[in-house]
Amino acid sequence: MFESAELGHEVDKATWKKEQPVLREDLLAAQFELLEKNAFPVVILVAGVDGSGRGETVNLLNAWMDPRTIETHGLELPSGEEQRFPPMWRYWRVLPPRGKIGILFGSWYTAPILGRVEGKLKSGALESSIGEINRFERMLADEGVLLLKFWFHLSKKFQKKRLKKLEKDPATQWRVTDLDWERFERYDDFVETCEHVLQRTSHGHAPWIVVEANDSRYRNLTVGKALLGAVRRRLDSEPGADAPSVLPAEPVGGRNVIASLDLTQRLEEDEYEKRLETLQGRLNKLSRHKRFNQTGVVAVFE
């Protein structure tokens, strides 16, 4: 799921200077129309790996648009008092009204993901949390909420580079803590858990928009254009019509996984026959496993 966010997307300064003012103007226009029509609430979840620029993008969205109709909440793990209430109670309290935008920096995904990565949550409990999240987001969509979920991704190599860069600069070293480095050591477990959760919670009414965060200009344009497109489509839809699905963001610059594939790769015939025989044997053995009759398999080729 994260392959599309490890392609090396970049936006040059000239493109940024050309597109940023137009995007900002269009976002403001959509924001004012949203407020004037008292149309629907917009909820933006900002999540991702440490050091991926989540805070920078949140600050930029507040700078691009009118912050008077944006409510930004930084939510850490639930406090002792909050744990006395149902898990979603703390989030209900900060949801924006119709016509306004709410940005959640930290959300109902934080505790389940970190709990599983740190070994405090069993797989069954994680699945239970995923089910609760899906029901909650379905309810929000049914109530007319436009829910946008952004996941900022960095490869392990780039996350290490990013953390070191922040730590080296006296102006930003405060942003890197021992906890960040502890979580970096669990990067593989973290990404595996996140990929599972994102796949299970990405739906037409609330898909995950995975953003490659290596380049700040690319990251910011991608988020801004995805936000503008989703709000604009909902505002322009016919009154009484079903709310249009939130579409995943189109990569800025047009690069994608398919276009990046090397279609010239070859395999020698001897090596092919050797691998084929091994894989056929493994497949045959798996198909005769006692649990296979409990599983349905559909293979789709395009």
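Ground rules come before the structure. The model is predicted, so local features need pLDDT of at least 70, side-chain atom pairs count only at pLDDT 80 or more, and totals for chains, interfaces and linings use all residues. Residues are numbered from 1 along each chain as its sequence is written, and side-chain values use heavy atoms, with hydrogens and water left out.

Start with the whole protein. There are eleven helices and five strands. Both are DSSP runs, numbered from the N terminus: helices are H or I with at least four residues, strands are E with at least two. The C-alpha atoms fill a box of roughly 65 × 50 × 50 Å, taken along the principal axes. Of the 302 residues, 40% are buried. Buried means under 20% relative accessible area; exposed is over 50%, partly exposed is in between, with a 1.4 Å probe and protein chains only. Now contacts, meaning heavy atoms within 4.5 Å. Take those between residues at least 6 apart in sequence: 83% of them join residues at least 24 apart.

Next, the sheet. What is the order of its five strands? It runs β2-β3-β1-β4-β5, the sheet is open, and the pairing is parallel. Two strands pair here if DSSP finds at least two bridges between them. β2 (70–74) and β5 (208–212) stand at the edges. Each has a single partner strand, so one side of each lacks a neighbour in the sheet. From one strand to the next, the twist averages 20°.

Walk across it. β2 and β3 run parallel, joined by five bridges. I70 has I101 in β3 as its bridge partner. β3 covers residues 101–105, and four of its five residues are buried. Five parallel bridges also link β3 to β1. There, V46 is partnered by F105 in β3. β1 (residues 42–48) then pairs with β4 (residues 146–153), parallel again, over seven bridges. G48 sits opposite F152 in β4.

Now the helices. α8 (residues 187–200) lies across β1, β4 and β5. Its angle to β4 is about 155°. Axes are lines fitted to C-alpha atoms, for helices over the stretch in contact, and angles run from 0 to 180 degrees between N-to-C directions.

How do α4 and α8 pack? Their axes are 9 Å apart, at an angle of about 135°. That makes the pair oblique. The scheme: under 35 degrees is roughly parallel, over 145 roughly antiparallel, 65 to 115 roughly perpendicular, and the rest oblique. On the α4 side, I113, L114, R116 and V117 take part. They meet D189, F190, T193, C194 and V197 in α8.

On to α5, residues 123–142. With 20 residues at 1.5 Å a residue, α5 should span 28 Å, and its end C-alpha atoms are 29 Å apart, which agrees. The expected span is 1.5 Å times one less than the number of residues. Its buried residues include L126, I130, I133, F136 and L140. The buried residues of α5 pack against β1, α3 (89–92), α4 (110–117), β4 and α8. Just after α5, G144 has a positive phi of about 95°.

T201 is in the loop between α8 and β5. Is T201 buried or exposed? Buried, at a relative accessible area of 0%. Beyond neighbours within four places in sequence, T201 contacts Y109, I130, I133, N134, E137, K149, A206 and W208.

L235 lies in α9 (residues 216–236). Its relative accessibility is 9%, so L235 counts as buried. With neighbours within four places set aside, L235 touches A30, E33, L34, K37, A39 and F40. L235 and A39 are 196 residues apart along the chain, yet their C-alpha atoms are separated by 7.5 Å.

L7 lies in the segment before α1 (13–37). With a relative accessible area of 17%, L7 is buried too.
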